[in-house]
Amino acid sequence: MTAADDQFDADADATIIECLDLGKPRSFFLYAGAGSGKTRSLVSAVRKTIDGEHGRHLTLTGKKIGIITYTNAACEEIKQRLEFDPRVEVMTIHAFAWSLIEGFNADIRQWVAKNLEEELAKLEEQHRKGRLSTKSGAERLRSMESKRRRLARLDSIIKFIYSPTSDNRSRDSLNHSEVIAMTAAFLTSKPGLRRMLVSRCPVLLIDESQDTNTALMDAFLHLEEEFHGRFSLGLFGDMMQRIYLDGKERLDKVIPPRWALPRKRMNHRCPSRIVELTNSIRRDVDGEQQVSRSDAERGVVRFFIAPQVGVDPSAIEAAVRQRMATITGDPDWQNSDTVKTLALEHLMSARRFGFVEFFESLWGIDNFRTNLLQGTGAGLGFFTRDVLPLIKALRANDRFGATAIIKASSPLLDRATLQEAGSNQVAQLGKAKAACDGLLALITEQPDVTAQTVLEFVAQTNLFVVPDTLAPFVLGDASAAAAEDNADQGDQVEGSDNGEADDISPELSAWSKALEAPLSQIERYDLYVQGQSQFGTHQGVKGLEFPRVLVVINDDEARGFLFAYDKFFGIKEKSKTDLENEAAGRETGSDRTRRLFYVTCSRAEKSLAVVYYSPDPELACDAVLQYGWFEQVEVELLN
Ligand SMILES: Nc1ncnc2c1ncn2[C@@H]1O[C@H](COP(=O)(O)OP(=O)(O)OP(=O)(O)O)[C@@H](O)[C@H]1O
């Protein structure tokens, strides 16, 4: 690390610190490429501000510097780096939005009612035009019914609740998109709320601002317009890394001239070959170009092309890792644990990391997705927070750990049970021990034991409380009635509700399939969602970095419609809509794909391999070389 490199973009940091002067705050947009140290600049500017006289002012007035991050993980990271300073509030956008509107129950009720009426009107219109017999027709009917029920009971809800980290399935809860939309609407229509925000946080910094919801960003921009001079809105972002659909298009073009526009040009993360590559990917978009550190290594980039059909992806990817080890001389490429493999979507990771039987059916239910990706929710928590930690402790013969888990969450040893047992407490302890021994024997004797079998064992021994979501599988009675009880909570959940008693809801049927998977798959799934596996998705790794990155591209396997590498690399014809969008200057799938490609390639700290499963490898090879992003020696065809 050279001192000169550290100072390369020092002006930008100085500008940001000036903007955070609480006596004369100024808004700014730090627009800089991947790995340029935006997050680092954010943290160091806040650190300097709170360490100085402004810090004392914040302490005396009880005001705070607000920081909005994109993920919970980023939140924790920034909090830690700022040593949990109480003068700083670090939250995800969902948590921040809720902190603004929580408690405005009458306004929330009114907004939800109006929104439900509008949605119902739309659905009724579609219903009039559409066919009833189709699957979507039936789903529409269920959705209408569910919305009507929610509308009817809105008045009985005294207090609305919401959790930024779960699926919010209870009757009085709001869902994620409602909270964001409502906050944007309230900030726009309620001057009192705007004053409250500015008074609470005279400085509001937003990391990854290119992906902040458009309506909410517009609300923040209006608020800034009203309070500028007394309030600083600090945006950190990179339009080239806008990869979610609801982010504000052309945010960089609407920044008022009075804002400061600090720039950072050095890439501190990637070796020089990768900086050249990301510069090429970006050149035609906005011309922003980075320089690498003077002490940066050269690094290695390879683009492998394999046929899309008739191949075994795990064999191909193992061969690629082997080849990368040879080319780079870095033996860690041979070890799949030290290579971060980025797939286009979670199912591809699930297949590769071996938890697809557990994951696929649950992933098919839209309303489960937040829980699934965050590992939250009662059904998942039963396994990941109770059963699996106990099994881990039992396997390691960690009696102390196992006892702690049982004491903390088993009904066998809860206070009321022990009190009731009186002098019989020893027998109760014996029951707990027998249950633990039985569980250990079960998983040792049957390494492939299914989640269903473990669930039944836990229920029989009363080792842990079985949550409502899983209760129907213990009784062996996955009835529609039970499904309705569990699923008919909140508008976002569409359970079985068409009056046929033996019709199992999609949610129950998904759980039923998932439980047939071996328990070991839930262990793998848990590692994956905790970010402790070597797999991730192209979108999920925004903001992160890894020494060795293997980007897997396979449109056929991903089946997404937002990103299309085959079109991007010129293997598939653009559609009529693509051409129309292109002609009208509107965003196309190829634009989005290029940005995603930029994000994935720029995660690598040492070396990067891309594996592209193509419908026409020869053509793909020519097309990729024609772009000029890769040298001839960097592109390899695999058979
Ligand atoms: N001035 C610096 N000196 C040394 N290392 C730095 C410097 N600035 C940033 N880094 C390092 O470079 C890497 C990228 O920094 P950071 O994650 O803050 O970038 P970013 O702009 O937020 O990236 P991205 O947009 O890709 O998420 C980190 O490892 C960080 O510690």
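Predicted model: local features only at pLDDT ≥ 70, side-chain atom pairs only at ≥ 80, totals over all residues.
View 1. Alanine 319 belongs to helix α13, which spans residues 313-328. Leucine 373 is placed 54 residues from alanine 319 along the chain, and the C-alpha atoms of the two residues are separated by 30 Å.

**View 2. The open sheet of six parallel strands.** The six strands of this open sheet follow the order β3-β2-β4-β5-β1-β6, and their pairing is parallel. At the edges of the sheet stand β3 (88-92) and β6 (263-264), each of which pairs on one side only. Helix α2, made of residues 10-19, lies across β1 (28-32), β5 and β6, and runs at about 160° to β1.

**View 3. Strand β5 and its two partners within the sheet.** Strand β5 is largely enclosed by the rest of the structure, because six of its six residues are buried. In a regular strand the side chains alternate between the two faces of the sheet. Both faces of β5 are covered, with Ser232, Gly234 and Phe236 buried on one side and Leu233, Leu235 and Gly237 buried on the other. Strand β4 (residues 203-206) pairs with strand β5 (residues 232-237) in the parallel sense over four bridges. Along this pairing, valine 203 has serine 232 of β5 as its bridge partner, while leucine 205 stands opposite glycine 234 in β5. The pairing of β1 with β5 is likewise in the parallel sense and extends over four bridges, and here the bridge partner of leucine 30 is phenylalanine 236 in β5.

View 4. An unreviewed UniProt entry places the feature "binding site" at Ala32, Gly33, Ala34, Gly35, Ser36, Gly37, Lys38 and Thr39. Alanine 32 is found in strand β1, whereas glycine 33 is found in the loop between β1 and α3 (38-51). Alanine 32 counts as buried because it has 23 C-beta neighbours inside 10 Å, and glycine 33 is buried as well, with 24 other C-beta atoms within 10 Å; the cut-off for a buried residue is 20 or more. When residues up to four places away in sequence are not counted, alanine 32 touches Lys38, Asp238, Arg263 and Lys264. With its neighbours within four places in sequence likewise left aside, glycine 33 is in contact with Asp238, Met240, Asn267, Glu288 and Gln290.

**View 5. The shell of residues around the ligand.** There are 17 residues around the ligand, and among these Ala34, Gly37, Lys38, Thr39 and His268 come nearest. Helix α3 supplies the largest share of this shell, namely three residues. By residue class, the shell around the ligand divides into three nonpolar, eight polar and six charged residues.

View 6. Helix α14, which comprises residues 346-353, is mostly covered, with six of its eight residues buried. The buried residues of α14 are His346, Met348, Ser349, Ala350, Arg352 and Phe353. An α-helix has 3.6 residues a turn, so residues three or four places apart point the same way. Just after α14, glycine 354 takes a positive phi of about 80°.

Conventions
Residues numbered from 1 in each chain as written. Pairing = 2+ DSSP bridges. Helix = DSSP H or I, 4+ residues; strand = E, 2+ residues; numbered from the N terminus. Contact = placed C-beta atoms within 7 Å. Axes fitted to C-alpha atoms, helices over the stretch in contact; angles between N-to-C directions. UniProt positions renumbered as here; feature names shortened; annotations may be inferred. Buried ≥ 20, exposed ≤ 12 C-beta atoms within 10 Å, placed from the backbone. Near = placed C-beta within 6 Å. Nonpolar A, V, L, I, M, F, W, Y, C, P; charged D, E, K, R; others polar.
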